[in-house]
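The exercises below concern the contact between two chains. Work through each task before reading its solution.

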Amino acid sequence: MLTIDAAILDAIVAHARRDHPDEACGIVAGAIGSDQPTRHVAMDNAERSPTFYRFDSGEQLRVWREMDDLDEEPVVIYHSHTATEAYPSRTDIGLAAYPDAHYMLVSTREPETTEIRSYRILDGVVTEEPVRVVNADVDQHAVQSYMFGQSPAAVDYECRAGN
Amino acid sequence: MAIEVRIPTILRSYTGGAKSVEGSGDTLADLLTDLDSRYAGIRGRLITEEGALHRFVNIYVNDEDVRFIGSLDAKLNDGDNVTILPAVAGGALATWS
């Protein structure tokens, strides 16, 4: 199970929408061993491509050093698919090198609905996990709805107050 | 001469869990050979069968990505810090292999 704050999820989705149709990527850092993602870092996609992403190597080193200094680790590693579903591709599986991370996939292929799913990827094996969103506020003007892979149907985000 | 090498989580099975180890060598290639003599198999995770640095592994000498300073021929000096970080990459199309 991935538990994530609604404000952080909003920031990830906003990043994915902003970079569409190119793939967006980034991390959410959290204290080592806590399994709690608390600090969102939007990374540059050095490939600037609608079908591929790669963290810029210099930026990655800076961000990883910063996490070391703060006793953090990448709790979530996310990227977007802009024309396909939020499921790890063969590329994603083959290149997944952080066995402790939650790999979050965000699909922006539908303009009105954002599909969000989370996985563990270990030695080529993909295991999907539920996503639990906490601290969602009531927003009268919210029009964005999110769809979570393990939910039975689309979730109207503005109806999730009180979680 | 001693060079500190920081090991990512996914490769710590080779170093008995150690986050950083010491090694020696005049070049990055020498250093990886030295590490492999004590941590057998680690070199094979970083170098392709053709003998090139793996495309999806980032290795830095101090703050420099070795791709910009000679790759495996990058010169090393006593006291340098070497950091190994698996690249974070992927995407919708299967183009990596």
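**Exercise 1.** What area is buried between chain B and chain A, and what percentage of it do carbon and sulfur atoms give?

Solution. This is a predicted model, in which local features need pLDDT of at least 70 and side-chain atom pairs count only at pLDDT 80 or more, while totals for chains, interfaces and linings use all residues. Residues are numbered from 1 along each chain as its sequence is written, chains are lettered from A in the order in which they are written, and side-chain values use heavy atoms, without hydrogens and water.

Step 1: buried area is the accessible area (1.4 Å probe) that two parts lose on being put together, summed over both. Step 2: for chain B and chain A this comes to about 2,400 Å². Step 3: carbon and sulfur atoms give 55% of that area.

**Exercise 2.** How many residues does the contact take from chain B and from chain A?

Solution. With contact meaning heavy atoms within 4.5 Å, chain B supplies 25 residues and chain A 26 residues.

**Exercise 3.** How many salt bridges does the rule find across the interface of chain B and chain A?

Solution. Step 1: the rule asks for a side-chain nitrogen of Lys or Arg within 4 Å of a carboxyl oxygen of Asp or Glu. Step 2: it finds two salt bridges across the interface. Step 3: one of them joins the side chains of A:R65 and B:D63, at 2.6 Å from N to O.
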